[in-house]
Amino acid sequence: MSTATLTGEAPADTPAARRRPLRPARVVLHLFLGTVAVGWLFPILWAVLTSLRSYEYTASNGYVSLGGWTFDNYLTAWRTAEFGKHFLNSLYITVPAVLLTLFLASCVAFVIARFSWKLNIALLGLFTAANLLPQQALLIPLFRMFTQIPLPAWMSDSELLYDSYWGLILVNVAFQCGFCVFVLSNYMKALPHELYEAAMVDGASVWRQYWQVTMPLCRPALAALATLEVTWIYNEFFWATVLMRTGDKFPVTSSLNNLRGEFFTDNNLVSAGSVLVAIPTLVIFFLLQKQFVRGLTLGASKG
Amino acid sequence: MSDLPLIQADRAVPPPAATTTTRGRGRRLRLLSRTDRVVITLMVLVPLLLVVGLVWLPAAATVLLSGTDWDGIGSLGEIDWVGLRNYDDVVNIYPPFVPAVQNNLLWLAALFVVATPFGMFLAVLLDKELRGSRFYQTALYLPVVLSLALIGFVWQLIYSRDQGLLNAVLGGQTDWYGDPHVNIWAVLVAAGWRHVGYIMLLYLAGLKGVDPSLREAAAVDGSSEISTFFRVVFPVMRPINIIVLVVTVIESLRAFDLVWVVNKGRNGLELLSALVTQNVVGEASRIGFGSALATIMLVVSLVFITLYLFTVMREDRR
């Protein structure tokens with residue numbers, strides 16, 4: 001940014017330079033932000049509240065009431081929708097997909113950042129753009145392709161890429177790679193190039209430069225991306241809905257649809273199910289909030 | 001600013017500094033051993049094959065298939081080329097098409113006119129030094145970690161006809177998710193709820209990256225806070241403004257999960273993405289026809305993706 005002229009004249013950042021806050025304006029501001037914040041939390045709080053009340057009580061007293069506290073909705077929802085199984089499915093998909101995405105993306109990012117070739121920009125564009133395409137635009141050929149590619153029976157009982165964890169993991173990796181390549185290559189370009197010169201003097205191979213020099217320095221970016229990717233792949237709904245068939249194999253986010261069919265008339269159960277599904281992401285949100293925000297703002301693309 | 005993150009937000013973890021231009025990296029390539037060259041090739045080739053094979057080739061195949069009459073059953077050899085007939089059918093004899101385009105545009109308009117500016121506005125407010133700012137921020141972007149599918153269920157508790165909060169409070173009998181006159185608005189509120197937090201987050205990070213001395217200089221010149229924002233801060237944030245614009249467009253084009261969990265994108269909730277999906281996994285699989293719909297999405301998204309790439313790559317080179 002060409003702000004050099006302005007910067008020179010601006011007063012140094014002393015507390016005195018700050019405007020004194022106008023009291024009434026501040027009060028209005030806090031009132032406004034407070035109202036918005038509570039309004040924003042409300043749907044989630046409402047779901048938690050509803051999930052903790054029995055259907056019989058709310059059916060007779062209405063939802064705008066208090067009482068009928070119970071924990072049974074969670075037990076029933078867990079049992080009926082077989083959340084245990086679906087959470088495991090999500091785990092089988094999310095963990096390998098995130099690890100593979102970070103590994104492959106960091107490889108490409110390393111090459112882009114380490115060597116300057118004419119093709120680098122094209123390569124970066126190819127990866128980044130892939131992440132932004134609407135998934136539905138690829139659905140038809142991909143769906144056909146997955147139903148044609150055989151897998152050995154020990155890999156998937158469907159014996160096809162379709163309706164297998166492998167297929168789902170691959171699609172997620174292919175889609176998420178672009179975002180991670182973009183973020184990581186920018187991060188790696190900012191590393192001082194002298195590091196590699198020193199490593200080369202020591203006779204380190206390209207692989208060792210990647211694995212032992214670059215990767216350890218990228219830990220903050222990798223942590224942020226891992227947080228973000230876990231959330232996204234866990235939340236992924238579309239591919240699992242269209243590329244899986246066996247209900248038992250659905251990850252938890254897409255198995256939500258079954259929940260509705262079964263519990264259509266019992267919103268208390270629906271809310272308990274929703275809270276259960278939200279818990280992993282909420283835990284990530286509260287424990288790793290910093291990583292999450294950093295990951296998003298590092299890349300700033302993505303939906 | 002530029003270089004590392006598009007939005008240089010978190011100063012807590014600055015990237016190791018110093019990016020002077022990299023001189024003569026290419027020349028050193030010749031010094032690489034054979035093993036190194038093999039390793040480099042693999043490092044690029046494996047991910048590249050995956051992305052080309054699972055993203056770009058299917059995208060190209062979609063465009064090709066949109067010009068054929070393939071029903072998905074016969075062998076590829078029997079495919080006949082029909083030119084633009086599928087597009088003609090989509091536009092002229094497919095009733096859900098027009099509502100879908102309208103809904104996608106409405107989605108875009110709602111996010112662009114209401115949710116995005118509101119998110120930016122909140123970011124500007126939260127950028128001040130403010131007590132409790134952390135709490136406000138956390139509350140606002142909490143919905144961002146939830147999947148849109150889940151959000152559909154969370155809002156069902158409010159919209160449901162018999163058990164929903166909204167009808168309980170208003171005393172009405174509206175089926176907010178079911179009634180084709182209102183359900184798109186109901187869904188948009190839920191989508192906007194998430195979008196506001198997302199934009200707030202992106203924009204706040206951008207604002208933190210703005211050189212504070214700019215604002216101080218403007219204040220010294222006697223510029224009011226509002227005019228400082230519009231005349232100084234907003235123009236400086238041009239790259240982030242473009243990113244926010246692109247994110248908004250892409251989000252409204254990709255909108256899918258929310259309407260799919262509500263009613264699979266029918267009855268007032270038609271969206272292009274849902275129509276494509278219905279044509280593939282639904283009862284009637286009309287490949288050429290669905291591909292024409294998908295190609296339309298693809299073309300629109302590519303326009304904005306290109307805009308996005310130009311923006312971020314230019315930032316990158318500076």
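Modeller: Start with helix α12 of chain B. Its buried residues are Leu272(B), Ser273(B), Ala274(B), Leu275(B), Val276(B), Thr277(B), Gln278(B), Asn279(B) and Val280(B). That makes nine of the ten residues of α12(B), so the helix is largely enclosed by the rest of the structure. The cut-off used here is 20 or more other C-beta atoms within 10 Å. Keep in mind that this is a predicted model.

Asn267(B) sits between α11 (257-263) and α12 (272-281) of chain B. Its phi is near 50°, a positive value in a residue other than glycine. Most residues other than glycine have a negative phi. Asn267(B) has 15 other C-beta atoms within 10 Å, so it counts as partly exposed.

Glu82(A) belongs to the loop between α4 (72-80) and α5 of chain A. Glu82(A) is partly exposed because it has 17 C-beta neighbours inside 10 Å.

Back in chain B, take one more buried residue. Leu126(B) is part of helix α3 of chain B. It has 21 C-beta neighbours inside 10 Å, so Leu126(B) is buried. Not counting residues up to four places away in sequence, Leu126(B) touches Ser133(B), Tyr136(B), Gln137(B) and Leu204(B). Gln137(B) is eleven residues from Leu126(B) along the chain, and their C-alpha atoms are 7.5 Å apart.

How far can you trust chain B? Its mean pLDDT is 83, with 86% of its residues at 70 or more. Confidence in chain B is highest in helix α3 (residues 97-126), at a mean of 94, and lowest in helix α13 (residues 287-317), at 86. Residues 1-27 of chain B stay under 50 in pLDDT. The model has 54 contacts beyond four places in sequence for that stretch. Where pLDDT is low, the predicted coordinates should not be read in detail.

Chain A scores as follows. The mean pLDDT is 84, and 88% of the residues of chain A reach 70 or more. For the complex, the predictor gives an ipTM of 0.84 and a pTM of 0.86.

Next, the build of chain A. It has 15 helices and zero strands. Of its 303 residues, 48% are buried. Among contacts in chain A with a separation of 6 or more, 72% join residues 24 or more positions apart.

One helix pair in chain A deserves a look. Two packed helices are described by the angle between their axes and the distance between the axes. The axes of helix α5 (residues 83-114) and helix α11 (residues 219-235) of chain A come within 9 Å and cross at roughly 145°. The crossing of α5(A) and α11(A) is right-handed. The α5(A) side includes Ser90(A), Ile93(A), Thr94(A) and Ala97(A). The α11(A) side includes Leu222(A), Leu225(A), Ala226(A) and Glu229(A). By class, the residues of this contact are ten nonpolar, three polar and one charged.

Chain A also splits into domain 1 (19-71) and domain 2 (76-299). The centres of these two domains of chain A, taken over C-alpha atoms, are 33 Å apart. Domain 1 of chain A puts eight residues into their contact, and domain 2 of chain A puts in seven. On the domain 1 side, α2 and α3 (55-61) of chain A each give two or more residues. The largest share of that side, four residues, is from α2(A). The domain 1 side has three nonpolar, four polar and one charged residues.

Finally, the two chains together. Their contact takes 95 residues from chain A and 97 residues from chain B. Helix α2 (residues 23-51) of chain A gives the most to the chain A side, with eleven residues. That side divides into 68 nonpolar, 23 polar and four charged residues.

How values were computed. Residues are numbered from 1 along each chain as its sequence is written. Chains are lettered from A and ligands numbered from 1 in the order in which they are written. This is a predicted model: local features need pLDDT of at least 70, side-chain atom pairs count only at pLDDT 80 or more; totals for chains, interfaces and linings use all residues. Two residues are in contact if their C-beta atoms, placed from the backbone, lie within 7 Å. Ala, Val, Leu, Ile, Met, Phe, Trp, Tyr, Cys and Pro count as nonpolar, Asp, Glu, Lys and Arg as charged, and the others, Gly among them, as polar. A residue is buried if 20 or more other C-beta atoms lie within 10 Å of its own, exposed if 12 or fewer, and partly exposed in between; C-beta atoms are placed from the backbone. pLDDT is the predictor's confidence in each residue, from 0 to 100. Axes are lines fitted to C-alpha atoms, for helices over the stretch in contact, and angles run from 0 to 180 degrees between N-to-C directions. A crossing is left-handed if the near helix is turned anticlockwise from the far one by less than a right angle, and right-handed if clockwise. Domain bounds come from an automatic or database domain assignment.
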